Amino acid sequence: MKLKVYADRMSQPSRAVIIFCKVNGIDYEEIKVHISKDQHLTPEFAEINPMKLLPAIADGRFKLFESHAILIYLACAFPGVADHWYPADVFKRSKIHSVLDWHHSNLRRGAALYVFNTTIAPIFGRPLNPQAAAEAEIILSSSLSKLESFWLKGNGRFLLGGNQPSIADLSLVCELMQLEVLDEKDRTRLLGPHKKVQQWIENTRNATNPHFDEVHRVIMLAKERQQHQLLKAAKNEGGSNMKKPLVSRM
C-alpha cells in the first residue's frame, strides 16, 4: 500500500517531509489538509493524528506524526535512502538528534511565531500581534547566532561539519524558508549578519533541487498574496504609504 503523507505545504515541517520523499524517490500520495480551513481539526483527521497537527503519515496500518520522527522513519524504512540523510553510525545519529531537539525549542519557536505574528496571521483569519512578534524575534535572532557560531562551525557545507545534507539540514532550512514571506528589508535585517547561514540555506536548496523549489512555490504564492494586500491597503489610503513590492530570493 502506498505511503500517505498528510500535509499542508504552508507548514514548514510538511515541506521537509515532502521534499525528503521526492529527493529519495519514495512513492507516496500527498493528502492535502488545509490549516487555513481548519481541516486538521476535524474528527476524520484526528483518526490519523490525535494531536491534530501536520504533517502525519500512514504507511499501511502504521500511523505516525511529528516531522522529525517521520523523517527518521522514512530514512530507515525505505530502501535506497542514502546514508548521509540519517547515518548508521550511532555517533553521527546522536549529533543529528541533538540538532533536531534544539530545533523545536529554539529556531522553530522563533521563526514560526515571528513570521505568523508579523505577516501571515491574516491569511488564517488572525490579527497581527506586535508584542508576540517582538518576543519571537529575540528567540529567532539568538537561534540564528547559534547556527552561525556553533552548528555551522568548521569547513563543512552542512550542519555538524558535514559535506552532504542530513534530515536535520532539511528540517531546519525549511523552517527558515518561511522568512521568504517577510518584507525584503525585514528579511535582510534578520539574515544579513549570518553569512554562513545564508550559504548553508543555498547549499541545502541546491542539494535537493528541483524538488526544493517546487515544494516551496506555495511560499512565493503567499508572498504574492501579501503583496496584493499591501498594495490594496495603500491604494485605499490614497497611495501615500505604498510599500515596495516584495522580492523573492528564489
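This is a predicted model: local features need pLDDT of at least 70, side-chain atom pairs count only at pLDDT 80 or more; totals for chains, interfaces and linings use all residues.

Biologist: How are two packed helices described, and at what angle do helix 5 and helix 6 pack?

Modeller: Two packed helices are described by the angle between their axes together with the distance between those axes. Here helix 5 (residues 107–120) and helix 6 (residues 130–151) pack at an angle of about 140 degrees, and their axes are 7 Å apart. Angles over 145 degrees would count as roughly antiparallel, and helix 5 and helix 6 are therefore oblique to each other. On the helix 5 side the contact includes Leu 107, Gly 110, Leu 113 and Tyr 114, while on the helix 6 side Ala 136, Leu 140, Ser 143 and Leu 147 are among the residues that make it.

Biologist: Is Leu 107 buried or exposed?

Modeller: Leu 107, which is found in helix 5, has a relative accessible area of 0%, and because buried means under 20%, Leu 107 is buried. Not counting residues up to four places away in sequence, Leu 107 touches Trp 102, Leu 140, Ser 143, Leu 147, Leu 172, Glu 175 and Leu 176.

Biologist: How do the axes of helix 4 and helix 5 cross?

Modeller: The axes of helix 4 (residues 90–105) and helix 5 come within 3 Å and cross at roughly 40 degrees, and angles under 35 degrees would count as roughly parallel, so helix 4 and helix 5 are oblique to each other. Trp 102, His 103, His 104 and Ser 105 of helix 4 make this contact with Leu 107, Arg 108 and Arg 109 of helix 5.

Biologist: And which residues make the contact between helix 3 and helix 4?

Modeller: The axes of helix 3 and helix 4 come within 11 Å and cross at roughly 155 degrees, and helix 3 and helix 4 are therefore roughly antiparallel to each other. The contact is made by His 68, Ile 72 and Cys 76 of helix 3, and by Arg 93, His 97, Leu 100, His 103 and His 104 of helix 4.

Biologist: Let us turn to the rings. How many aromatic pairs are there?

Modeller: A pair of aromatic rings is described by the distance of the centres and the angle of the planes. In this model the count comes to six aromatic pairs. One of them is formed by Phe 62 and Tyr 73, whose rings are tilted, with 4.9 Å centre to centre and 40 degrees between the planes. This pair links distant parts of the chain, since Phe 62 lies in strand 4 (residues 62–65) and Tyr 73 in helix 3 (residues 67–77), 11 residues apart. Phe 62 itself is partly exposed, with a relative accessible area of 37%. Phe 150 and Trp 151 form an edge-to-face pair, at 4.8 Å centre to centre and with 70 degrees between the planes.

Biologist: Which residues do ring pairs link into a cluster?

Modeller: Trp 102, Phe 150 and Trp 151 are linked into a cluster by ring pairs.

Biologist: What is the phi of Asp 38, and what is that of Glu 66?

Modeller: Asp 38 is not a glycine, yet has a positive phi of about 60 degrees; Asp 38 is found in the loop between strand 2 (28–32) and helix 2. Glu 66, also not a glycine, has a positive phi of about 75 degrees and lies in the loop between strand 4 and helix 3.

Note on methods. Residues are numbered from 1 along each chain as its sequence is written. Side-chain values use heavy atoms; hydrogens and water are left out. Rings of Phe, Tyr and Trp (its six-membered ring) pair if their centres lie within 6.5 Å; planes under 30 degrees apart count as stacked, over 60 as edge-to-face and the rest as tilted. Helices (H or I, at least four residues) and strands (E, at least two) are DSSP runs, numbered from the N terminus. Buried means under 20% relative accessible area, exposed over 50%, partly exposed in between (1.4 Å probe, protein chains only). Axes are lines fitted to C-alpha atoms, for helices over the stretch in contact, and angles run from 0 to 180 degrees between N-to-C directions. Angles under 35 degrees count as roughly parallel, over 145 as roughly antiparallel, 65 to 115 as roughly perpendicular and the rest as oblique. Contact means heavy atoms within 4.5 Å.
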